[in-house]
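Here is a friendly walk through one protein chain. Have a look at it first, and then read on.

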Amino acid sequence: MKKFYLSLLASALLSIVILGWLIDAFSQQTHHTEDEFALQSKILMGFSQQIIAQPLDKRVRFTQNLAEQFSLPLTYRATQSLALPASLLTQMRAPGGLILEDQQGFYLLYTNTQLSPFHLKLRLEKLHQQEQHNDMLLTLLFYAGLCVFMGFIIAPLANRLGVVNDAAKKFAVGDLSARIKVSHFTYIKDVERTFNRMASQIEKLLDENKLMASSLSHDIRTPIACLRFGLDAAIDCHDEDKIKHYLARMESDLDQMESMLKSYLAFATLEQQANQLTYSNTLMNDYLATIINQLAPKLANQTIDLELVSDNENLTADLHWLARAITNLLNNACDFAHSRIVLTAKRQGHIITFIVEDDGPGIAQQNWHKVFSPFFQEQNHRNRADQSYGLGLAIVAKVADWHHGTIKLGKSERLGGACFTLKIHNHEQM
């Protein structure tokens with residue numbers, strides 16, 4: 001919008017300057033004082049011929065008689081009384097005389113060889129009505145031209161606002177794929193891009209909500225069926241030991257349902273955390289060492305060796321959520337690694353890259369683009385982890401997005417298993 005305001009202001013100033021110059025030029029071309037008083041000049045020339053025909057001692061009286069007879073402000077005066085430069089005195093001898101302007105208006109001066117050293121002076125009356133008419137016409141032309149100039153500026157804006165309005169209407173009636181094709185020649189490019197980001201975010205949230213509702217309704221059926229079976233069995237059974245066994249199984253199913261609901265609800269509220277990120281600074285070596293120490297019991301239990309390769313650079317990010325993303329990647333690697341995991345951290349400019357590799361069986365290439373979707377789980381050997389709901393990698397993808405980064409999956413060339421690459425922007429450089 002800043003571009004629009006500047007363009008509007010610049011266009012208004014430019015249009016005023018150009019129109020003012022054009023109208024002034026037009027006014028000067030169409031308005032000539034000599035043409036306007038041509039009749040009075042001819043009359044004065046005729047009077048001068050009559051005055052010249054009079055004796056020198058009677059010219060003053062004869063001029064007064066002409067002025068009274070024709071009701072004209074005509075006078076006969078000495079030329080030396082005029083404080084005029086030589087150039088203007090010369091123009092007084094030209095046919096038509098010299099027209100000058102003072103506070104009272106215009107007046108006409110004329111002399112020649114026969115009149116010298118005297119001259120005739122005729123006060124001129126300007127046609128005020130014509131002046132007002134011309135001024136009104138020029139004013140109307142100015143505002144009309146200004147409207148045309150501003151129309152050239154406003155028309156593209158109105159057109160782009162119409163495009164935004166059409167896209168918003170389509171989105172409002174359920175067409176979630178409606179987007180604005182951003183034009184390079186627009187004043188509201190930021191608004192159009194913001195609309196597209198908003199539409200994408202809403203579409204993503206709705207898709208996730210639908211997927212979560214579908215997954216939850218599907219996943220919760222198994223523990224509910226187990227509860228129903230255990231309850232029916234406990235009611236029909238008269239053996240106290242078996243009843244206790246059924247109740248213990250039912251408690252386990254309830255624990256599974258509770259864990260499932262907590263995971264789903266936690267994921268559903270993740271978007272609220274995006275506006276509550278808290279950035280702080282630390283050294284990567286100490287930060288990653290702390291995360292690895294938290295996983296030490298699991299690594300020791302599964303006899304997995306975790307190697308850390310890190311530049312001891314400054315890291316500025318939301319350390320809590322970044323730690324959770326890295327922990328999810330390491331937990332995923334622990335679940336499927338045979339004996340070794342490598343965590344690599346490096347910084348290049350304002351980009352920090354974390355790479356987690358394992359020597360496990362890897363992930364099928366056709367699923368590489370799916371593993372970061374919520375609730376996705378491979379239906380094969382990678383589902384070893386207990387109480388896994390397919391949310392760990394989805395959370396990693398969200399944390400990467402919050403930090404204006406990316407998360408990608410590939411195959412480790414060094415270990416042969418999965419290779420996850422998490423890239424984030426170092427916040428202090430942004």
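Predicted model: local features only at pLDDT ≥ 70, side-chain atom pairs only at ≥ 80, totals over all residues.

Residues are numbered from 1 along each chain as its sequence is written, and side-chain values use heavy atoms, leaving out hydrogens and water.

**The chain as a whole**

The chain has 14 helices and eleven strands. Both are DSSP runs numbered from the N terminus: helices are H or I with at least four residues, strands are E with at least two. Of its 430 residues, 37% count as buried. Here buried means under 20% relative accessible area, exposed means over 50%, and partly exposed is in between (1.4 Å probe, protein chains only). Taking contacts between residues at least 6 apart in sequence, 65% join residues at least 24 apart; a contact means heavy atoms within 4.5 Å.

**Aromatic pairs**

The structure holds four aromatic pairs. Rings of Phe, Tyr and Trp (its six-membered ring) pair if their centres lie within 6.5 Å; planes under 30 degrees apart count as stacked, over 60 as edge-to-face and the rest as tilted. Two of the pairs are set out here.

| Pair | Centre distance | Plane angle | Type |
|---|---|---|---|
| Phe-171 and Phe-195 | 6.5 Å | 70° | edge-to-face |
| Trp-321 and Trp-402 | 5.2 Å | 90° | edge-to-face |

The phenylalanine pair links distant parts of the chain, with Phe-171 in helix α6 (residues 128-172) and Phe-195 in helix α7 (residues 189-219), 24 residues apart. Both Phe-171 and Phe-195 are buried.

As for the tryptophans, Trp-321 sits in helix α13 (residues 319-336) and Trp-402 in helix α14 (residues 392-402), so this pair ties together parts 81 residues apart in sequence. Trp-321 and Trp-402 are both buried too.

**Helices α13 and α14**

How do these two helices pack? The axes of α13 and α14 are 9 Å apart, at an angle of about 145°. Axes are lines fitted to C-alpha atoms, for helices over the stretch in contact, and angles run from 0 to 180 degrees between N-to-C directions. Residues making the contact include Trp-321, Leu-322 and Arg-324 of α13, along with Leu-393, Val-399 and Trp-402 of α14.

Most of α13 is covered, with 15 of its 18 residues buried. Its 18 residues should span 26 Å at 1.5 Å a residue, and its end C-alpha atoms are 26 Å apart, which agrees. The expected span is 1.5 Å times one less than the number of residues.

Val-371 is in the loop between β9 (351-358) and α14. With 7% relative accessibility, Val-371 counts as buried. In space, Val-371 and Ala-394 are 7.6 Å apart, C-alpha to C-alpha, though 23 residues separate them in sequence.

**Backbone details**

Where is the cis peptide bond that has omega of about 10°? That bond joins Ser-116 and Pro-117, and Pro-117 belongs to the loop between β3 (105-110) and β4 (118-123).

Thr-303 has a phi near 50°, a positive value in a residue other than glycine. Thr-303 is in the loop between α12 (296-301) and β6 (305-310), and counts as exposed at 62% relative accessibility. His-404, also not a glycine, has a positive phi of about 55°; His-404 is in the loop between α14 and β10 (406-411).
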